Amino acid sequence: MTNTGAEFEDEDVANAYVHRPDYPSAVHARLLDLAPDRAHLLDLGCGPGKLARALAPHFRQVLAVDPSAAMLRVGQQLDAGANPNIAWTRAFAEDLDLEDASVGLAIAGASLHWMDPARLFPKLARALAPGARLAIVGGDEPADAPWIDAYRAAIQGWVARLGGTWNDPDHRHRLTRHEPWFAEQGRETFTARVRQPVATLIEGEHSRATWARSKMGGLADRFDADLRALLDPWALDGAVEFDVTTKVIWGRAQETPQGLRNAVCA
């Protein structure tokens, strides 16, 4: 079982994405605090614009970039013209042609691990205006609830059932390979309580690359049934409550990775 990122080109995955829980509203406030210059926002791997649509009213221009036409279509449909300052752009972030010092804030919400930092970060380093930051946002899944341990065990069991290994070395490498290219300046964690129908919580799982129905085939219905059997005893009027915990890490993109800079300066 290998995730490549191509899963997000699937219409079913894009439609399921809207059922992911929202980020805590305090995340939006923190991101705005990181952008004293509200001229240009760059959203890398924007998906259906979960962050771009929330922040767009506060910026003059928003470049929302994603290689998936399906994700951009859903984003534009959800926006319904409310934010005409969003430029929905189908492209790989690494292929962008960005002007030097043109970006007041760059954000990446649950997307940076799909990108090649060796190609992306030198461009970002030049594109960020003086004092501007790159903010990495992650965490829109259930993080705490009375049923969370059983839920996580079920998810991990299904990874094994599909022939994968939970948190395998390739996945861990994807999550951290940008770090030598990133000079962290700060981080903060935000938590919010969410109430969500069981059916939409399960549907949101199919927006994640591992659980794309196109990959699971006939097993998708069994996956849904397992999660439903686990969650239904905790549901009130068909919905469950849980905490979502989101981490925001901010800093500057670097033109060369940390180890190479140290080697040159040594």
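Predicted model: local features only at pLDDT ≥ 70, side-chain atom pairs only at ≥ 80, totals over all residues.

Me: How many cavities of 30 Å³ or more does the count come to, and which residues line the largest cavity?

Reply: Rolling a probe the size of a water molecule over the atoms shows where empty space is left. Here the count comes to one cavity of 30 Å³ or more, and the space in the largest cavity is about 30 Å³. Its lining is formed by H19, P21, P142, L201, G204, E205 and R208, of which helix 8 supplies the largest share, three residues. By class, three of the lining residues are nonpolar, two polar and two charged.

Me: How do helix 8 and helix 10 cross, and which residues meet there?

Reply: The axes of helix 8 (residues 198-205) and helix 10 (residues 219-231) come within 10 Å and cross at roughly 140°; the two helices are therefore oblique to each other, and the crossing is right-handed. From helix 8, V198, L201, I202 and E205 meet F223, D224, L227, R228 and L231 of helix 10, a contact with six nonpolar, no polar and three charged residues.

Me: What is the volume of the second largest pocket, and what lines that pocket?

Reply: The second largest pocket has a volume of about 230 Å³, and its lining consists of Y17, V18, R20, P21, D22, Y23, H28, P48, K50, R53, A54 and L78. Sorted by class, that lining has seven nonpolar residues, one polar and four charged.

Terms used. Residues numbered from 1 in each chain as written. Heavy atoms only, no water. 1 Å grid on protein atoms, 1.4 Å probe; cavity = no way out; pocket = protein on both sides within 12 Å on 5 of 7 lines; lining within 4 Å. Points joined across faces, edges and corners; volume = space filled by probe spheres on them. Nonpolar A, V, L, I, M, F, W, Y, C, P; charged D, E, K, R; others polar. Axes fitted to C-alpha atoms, helices over the stretch in contact; angles between N-to-C directions. Helix = DSSP H or I, 4+ residues; strand = E, 2+ residues; numbered from the N terminus. Parallel < 35°, antiparallel > 145°, perpendicular 65-115°, else oblique. Left-handed = near helix turned anticlockwise from the far one by under 90°. Contact = heavy atoms within 4.5 Å.
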